[in-house]
Amino acid sequence: MKISAKVKRFIDEYLVDLNGAAAARRAGYTDKSCRTSAAHILADPKVQELLAAKMEERSHRVEITQDEVLKRLWAIGSANPGELMQFRRTCCRYCYGEGHEYQWTKGEYQRARQQADDDGKPIPDCSGGFGFDPNKPPVQGCTECFGQGHGHVFLEDTRRLAGPAATLFAGVKQSKEGLEVKTHDQVEALKLVGQHLGMFKTKVEHTGPNGGPIEQKTVIVDEKEVKAAIAKLEREY
Ligand SMILES: [Zn+2]
C-alpha cells in the first residue's frame with residue numbers, strides 16, 4: 001500500500017486512542033467504510049512497521065523510570081531552602097559612614113542636593129561620605145544599629161536556580177501580604193523516598209503468644225470507658 005497523506009493522518013489518529021474505526025473517521029474516511037478501511041490499512045505490513053516505530057518513539061519520549069521519580073523526590077527532600085530565599089541582615093546607613101555618620105550613594109546625594117537647591121534649603125550634610133552599599137553586612141561598632149543592621153527577606157532570582165533548589169521551587173504567588181514563594185513539601189518527599197526504600201517497615205508479628213495463631217481483636221473504645229478505666233487505675237494505685 002502506498003502511504004498517502006490520508007494514511008499518515010490515519011496513523012497519527014490511530015496513535016491517539018488505538019481505535020481503528022474512530023481514527024479512520026477522523027482521518028476523513030467515509031462513515032460507512034471506516035471499519036473496513038481501518039482493518040485494511042492496519043493489515044498492511046508497511047503501516048504496521050510505521051506504527052511500531054512511532055509507538056517506540058513515543059514510549060521513549062514519555063518514558064519515566066522509577067529512578068527518575070526517586071531522584072526528583074530526593075532532590076526536593078534534600079534541597080536547601082536557603083538557596084531559594086534567605087533572611088539577611090544588612091548594614092544600616094551609619095555602619096560604613098565616616099565617623100558613623102549617614103552614608104549616601106553618589107546619585108542619591110546629587111538628587112538630594114538638587115532638591116535642596118530647588119527648595120531653597122541648605123545643602124544636605126555629607127560628612128558620612130559616599131559609597132553606601134545596602135548588600136554589605138552590618139558593622140559591629142556602628143553607633144546607630146550596634147551591629148544589628150536591618151533584616152530583609154531576600155528571594156533568589158528564580159531564573160538562576162539550578163539543581164535541587166530548582167526542583168524544590170513551585171512558583172511565586174502575589175498576595176496582599178506580598179510575595180509568597182511556594183515550595184514542594186520536603187517532608188512528604190522524604191517520606192515517599194523512605195517508603196520506597198523500605199525504611200519505615202513496621203514490625204509484623206507472624207505468630208501469637210507461644211507460637212500460636214495471632215489473636216485478632218477489635219477494640220472499640222468510647223470516652224466513658226476510657227475515663228472509667230483511668231478512674232479504676234487511680235483507685236487501685
Ligand atoms: Zn549600622
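1. Helices in this note are DSSP runs of H or I of at least four residues, numbered from the N terminus. By that rule T167 belongs to helix α7, which covers residues 163-168. The model under discussion is a predicted one. T167 has a relative accessible area of 16% and counts as buried, because the cut-off for burial is under 20%. Apart from neighbours within four places in sequence, T167 is in contact with R72, A75, I76 and H184.

2. Overall composition of the chain. The secondary structure consists of nine helices and four strands. Read from the N terminus, the order of elements is α-α-α-α-α-β-α-β-α-β-β-α-α. The chain has 237 residues, of which 24% count as buried. Its accessible surface comes to about 17800 Å², and carbon and sulfur atoms account for 54% of that surface. Where contacts join residues at least 6 apart in sequence, 62% of them link residues at least 24 apart.

3. The zinc site. The zinc ion has as its protein donors the SG atoms of C92, C95, C142 and C145. These donors lie 2.2 to 2.4 Å from the ion. Along the sequence the donor residues follow the spacing C-x2-C-x46-C-x2-C. C95 sits in the loop between β1 (85-90) and α6 (106-119), whereas C145 sits in the loop between α6 and β2 (150-155). The pair therefore ties together parts of the chain that are 50 residues apart in sequence.

4. Why is the arrangement of the four donor atoms tetrahedral? The angles that the donor atoms subtend around the zinc ion run from 102 to 116°, and four donors count as tetrahedral if all angles lie between 85 and 135 degrees. For reference, the ideal angle for four tetrahedral donors is 109.5 degrees. As to cover by the protein, C95 has a relative accessible area of 3% and is buried. C145 also counts as buried, with 11% relative accessibility.

5. The structure holds six aromatic pairs. One of them joins Y94 and Y102 in an edge-to-face arrangement, with 5.7 Å from centre to centre and 80° between the planes. Y94 is partly exposed at 27% relative accessibility, and Y102 is partly exposed at 28%. Y109 and F130 form another edge-to-face pair, at 5.3 Å centre to centre and 65° between the planes. Since Y109 lies in helix α6 and F130 in the loop between α6 and β2, this pair ties together parts that are 21 residues apart in sequence. Is Y109 buried or exposed? Y109 counts as buried, at 8% relative accessibility, while F130 is partly exposed at 37%. Together with W104, the residues Y94, Y102, Y109 and F130 make up one aromatic cluster.

6. Lysines over aromatic rings. K136 is placed over the face of Y96, at 4.5 Å from the ring centre. K6 is likewise placed over the face of a ring, that of Y29, at 4.4 Å from the ring centre.

7. Helix α1 spans residues 5-17 and contains E13. E13 has a relative accessible area of 14%, and is buried. Which residues are in contact with E13, leaving aside neighbours within four places in sequence? They are A23, R26 and A27. L18 lies in the loop between α1 and α2 (20-26). Although L18 is not a glycine, its phi is positive, near 55°. L18 counts as partly exposed, at 43% relative accessibility.

8. A positive phi at H100. H100 is a further residue other than glycine with a positive phi, here about 55°. At 22% relative accessibility, H100 counts as partly exposed.

Note on methods
Residues are numbered from 1 along each chain as its sequence is written. This is a predicted model: local features need pLDDT of at least 70, side-chain atom pairs count only at pLDDT 80 or more; totals for chains, interfaces and linings use all residues. Side-chain values use heavy atoms; hydrogens and water are left out. Donors are N, O and S atoms within 2.8 Å of the metal (3.2 Å for Na, K and Ca); water is not among the atoms, so sites may look incomplete. Four donors count as tetrahedral if all angles lie between 85 and 135 degrees; four count as square planar and six as octahedral if opposite donors are over 155 degrees apart and all others between 65 and 115; anything else is irregular. Helices (H or I, at least four residues) and strands (E, at least two) are DSSP runs, numbered from the N terminus. Buried means under 20% relative accessible area, exposed over 50%, partly exposed in between (1.4 Å probe, protein chains only). Contact means heavy atoms within 4.5 Å. Accessible areas come from the Shrake-Rupley method with a 1.4 Å probe; for residues, only the protein chains shown count as cover. Rings of Phe, Tyr and Trp (its six-membered ring) pair if their centres lie within 6.5 Å; planes under 30 degrees apart count as stacked, over 60 as edge-to-face and the rest as tilted. A charge sits over a ring if NZ of Lys or CZ of Arg is within 6 Å of the ring centre and within 35 degrees of the ring normal.
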